[in-house]
Amino acid sequence: MNCREAERLIDTFYDGELDGRSMRDAAMHITRCKRCESELAQRERVQELLSQTVEHEIAGIDLSRIWAAVEPTLEQ
């Protein structure tokens, strides 16, 4: 596997969506190639930042009154 092939697969590799052989080939290349390893690290960092942002936004939502609004509609 070369860098061009690995770069096309980095997103699916990161998500664990590759078949066994492709996953192995991509992993072997990425662990041996600083450029592709850096590309994967960037994807991981983007995912981390996105998760943190979503968690922060969710933490700010007031759900204290949601049950009071939903419960009366359950019998309908």
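I take helices as DSSP runs of H or I with at least four residues, numbered from the N terminus. By that rule His29 sits in helix α2. The model I am reading is a predicted one.

**Entry 1. Overall layout**

I started with the element count. The protein has 4 helices and 0 strands. Along the sequence I read the pattern α-α-α-α.

Next I checked the dimensions. I then boxed the C-alpha atoms along the principal axes and got roughly 60 × 25 × 15 Å.

Buried residues are 16% of the 76. I also sorted the contacts between residues at least 6 apart in sequence. Of these, 54% join residues at least 24 apart.

**Entry 2. α1 against α2**

How do the axes of α1 and α2 cross? I found that helix α1, residues 3–14, and helix α2, residues 20–32, have axes that come within 10 Å and cross at roughly 115 degrees. The range for roughly perpendicular is 65 to 115 degrees, so α1 is roughly perpendicular to α2. The crossing of α1 past α2 is left-handed.

I listed the residues that make the contact. From α1 they are Cys3, Ala6, Ile10 and Phe13, and from α2 they are Met23, Ala26, Ala27, His29 and Ile30. Sorted by class, this contact has 8 nonpolar residues, 1 polar and no charged.

**Entry 3. α2 against α3**

I moved on to the next pair. The axes of α2 and α3 come within 5 Å, and I read a crossing angle of roughly 105 degrees. These two helices are therefore roughly perpendicular to each other.

On the α2 side I noted His29, Ile30 and Arg32; on the α3 side, Lys34, Cys36, Glu37 and Leu40.

**Entry 4. α1 against α3**

Are α1 and α3 parallel or perpendicular? Their axes come within 10 Å and cross at roughly 25 degrees. Angles under 35 degrees count as roughly parallel, and α1 and α3 are therefore roughly parallel to each other. Here α1 passes α3 in a right-handed crossing.

I wrote down both sides of the contact. α1 supplies Cys3, Ala6, Glu7, Ile10, Asp11, Phe13 and Tyr14. α3 supplies Arg35, Cys36, Glu39, Leu40, Arg43, Glu44 and Gln47. By class I have 7 nonpolar, 1 polar and 6 charged residues for α1 with α3.

**Entry 5. His29**

I came back to His29 of α2. Is His29 buried or exposed? Its relative accessible area is 13%. Buried means under 20%, so His29 is buried.

I set aside the neighbours of His29 within four places in sequence. It then contacts Met1, Asn2, Cys3, Ala6 and Cys36. His29 is listed in the contact of α1 with α2, and His29 is also listed in the contact of α2 with α3.

**Entry 6. Met1**

Met1 was next. I found Met1 in the segment before α1. Its relative accessible area is 41%, which puts Met1 in the partly exposed class.

Which residues does Met1 contact, neighbours within four places in sequence aside? They are Ala6, Leu9, Asp25, Ala26 and His29. I also took the C-alpha distance from Met1 to Gly20. It is 14 Å, at 19 residues apart in sequence.

**Entry 7. Arg43**

I looked up Arg43 in helix α3, which covers residues 34–59. Arg43 is partly exposed, at a relative accessible area of 25%.

Neighbours within four places aside, Arg43 contacts Ile10 and Asp11. I checked the second of these by C-alpha distance. Arg43 and Asp11 are 32 residues apart along the chain, with 7.5 Å between their C-alpha atoms.

**Entry 8. Ala68**

Last, I turned to helix α4, residues 66–70, where Ala68 lies. Exposed means over 50%, so Ala68 counts as exposed at 54% relative accessibility.

How far apart are the C-alpha atoms of Ala68 and Arg32? I get 56 Å, for residues 36 apart along the chain.

How values were computed: Residues numbered from 1 in each chain as written. Predicted model: local features only at pLDDT ≥ 70, side-chain atom pairs only at ≥ 80, totals over all residues. Heavy atoms only, no water. Axes fitted to C-alpha atoms, helices over the stretch in contact; angles between N-to-C directions. Parallel < 35°, antiparallel > 145°, perpendicular 65-115°, else oblique. Left-handed = near helix turned anticlockwise from the far one by under 90°. Contact = heavy atoms within 4.5 Å. Nonpolar A, V, L, I, M, F, W, Y, C, P; charged D, E, K, R; others polar. Buried < 20%, exposed > 50% of the residue type's maximum accessible area, 1.4 Å probe, protein only.
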